Amino acid sequence: MYQGREAVSGPVAEICERIWLSIAEKRLRPGAHLKEEELSEIFDLSRARVRQALSLLESDGLVTILPNRGAFVAQPTIEEARDVFLFRKQLEARVIERVVERITEDGIRQLEAHLAEERAAHDRGDTSAAVQLAGGFHLVLADLAGSDFLASMVRILVSRSTLITSMYRVRHLNNCAPEDHEGLINAIRARAPGPAQAAMREHIDHVEAELDLGEATPVARDLRQALG
Ligand SMILES: [Zn+2]
């Protein structure tokens, strides 16, 4: 599910979701031109609806809209990529600290159930589901922190991380290992804030270490094919 900052539903949400997923699955590359007219044909929706979706994606940093030129999949720079991970480390260390303070047995079961879904997606080689569930784990954690502010910040950064990993990731598609998430759950279950924060920082370091922040090779592909 597309995890943008603003809750949307209906056809606009579907466009956001399809574009987001195509980015996550590397079918739509950073810099690709998102032509309004073509999107409107592909989704059989008015250009006004398409514009609305593109503007939502822009507010989440996934799309860049240039006056008189149109919308493009955003191209985060290496510097921005590093900043996003630096910020995620600070932010999510705070998130997990709050989760440790207030977690209930129900909350732990929720995290375990989510992890089981991640593993299942991994095992059956469903990369599209695995990517969504991996990002989703961080959003579940953020919701359990009981702060709308923290949750909305995590949403923005997880979306942006998806774009960054799609652009700079060298190997597998999925950017979060289920074993790492299991380690985070264990630290939460032990209700030890220090080790939980350390485990989170380490996890985000792992994700960042999988990226090649030395070079970028953006390739634009056919829009219809990418969204197919
Ligand atoms: Zn993760």
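## Ala53, a buried position in helix 3

A residue is buried when its relative accessible area is under 20%. Ala53 has a relative accessible area of 0%, so Ala53 is buried. The residue is found in helix 3. This is a predicted model.

What does Ala53 touch, beyond its neighbours within four places in sequence? Its contacts are Val12, Ile15 and Cys16. Val12 is 41 residues away from Ala53 in sequence. In space, their C-alpha atoms are 5.3 Å apart.

## Confidence

The average pLDDT of the protein is 87. A score of at least 70 is reached by 90% of the residues.

Helix 4 (residues 78–102) has the highest mean pLDDT, 96. Helix 10 (residues 223–227) has the lowest, 76.

## Helix 1 and its cover

Helix 1 covers residues 10–24. Its 15 residues should span 21 Å at 1.5 Å a residue, and the end C-alpha atoms are 21 Å apart, which agrees. Lys26 follows helix 1 and has a positive phi, near 65°.

Which residues of helix 1 are buried? They are Val12, Ala13, Ile15, Cys16, Ile19, Trp20, Leu21, Ser22, Ile23 and Ala24.

## Helix 6 and its two partners

Two packed helices are described by the angle between their axes and the distance between the axes. Helix 1 and helix 6 cross at roughly 100°, and their axes come within 10 Å. Angles of 65 to 115 degrees count as roughly perpendicular, and so helix 1 is roughly perpendicular to helix 6. Helix 1 makes the contact with Glu17, Trp20, Leu21 and Ala24. Helix 6 makes it with Ser128, Val131 and Gln132.

On helix 5, the contact is made by Gly107, Gln110, Leu111, His114, Glu117, Glu118, Ala121 and His122. On helix 6, it is made by Ala129, Ala130, Leu133, Ala134, Gly136, Phe137, Val140, Leu141 and Leu144.

Helix 7 has 21 residues. From first C-alpha to last it reaches 30 Å, close to the 30 Å expected at 1.5 Å a residue. The helix is mostly covered, with 15 of its 21 residues buried.

Ser161 lies in helix 7 (residues 148–168). Is Ser161 buried or exposed? Its relative accessible area is 1%, so Ser161 is buried. Not counting residues up to four places away in sequence, Ser161 touches Val84, Phe85 and Arg88.

Three strands form an open sheet, ordered 1-3-2, with antiparallel pairing. Strand 1 (33–34) and strand 2 (63–66) are the edge strands, and each pairs on one side only.

Strand 2 and strand 3 (residues 70–73) run antiparallel and are joined by four bridges. Thr64 has Phe72 of strand 3 as its bridge partner. Leu66 has Gly70.

## Positive phi in two loops

Most residues other than glycine have a negative phi. Asn68 is not a glycine, yet its phi is positive, about 65°. Where does Asn68 sit? It is in the loop between strand 2 and strand 3. The hairpin of these strands has three residues between them. Asn68 counts as exposed because its relative accessibility is 85%.

Arg191 is not a glycine either, and its phi is positive at about 50°. Arg191 lies in the loop between helix 8 (178–189) and helix 9 (193–209). Its relative accessibility is 38%, so Arg191 counts as partly exposed.

Methods: Residues numbered from 1 in each chain as written. Predicted model: local features only at pLDDT ≥ 70, side-chain atom pairs only at ≥ 80, totals over all residues. Heavy atoms only, no water. pLDDT = per-residue confidence, 0-100. Buried < 20%, exposed > 50% of the residue type's maximum accessible area, 1.4 Å probe, protein only. Contact = heavy atoms within 4.5 Å. Expected span 1.5 Å × (residues − 1). Pairing = 2+ DSSP bridges. Axes fitted to C-alpha atoms, helices over the stretch in contact; angles between N-to-C directions. Parallel < 35°, antiparallel > 145°, perpendicular 65-115°, else oblique.
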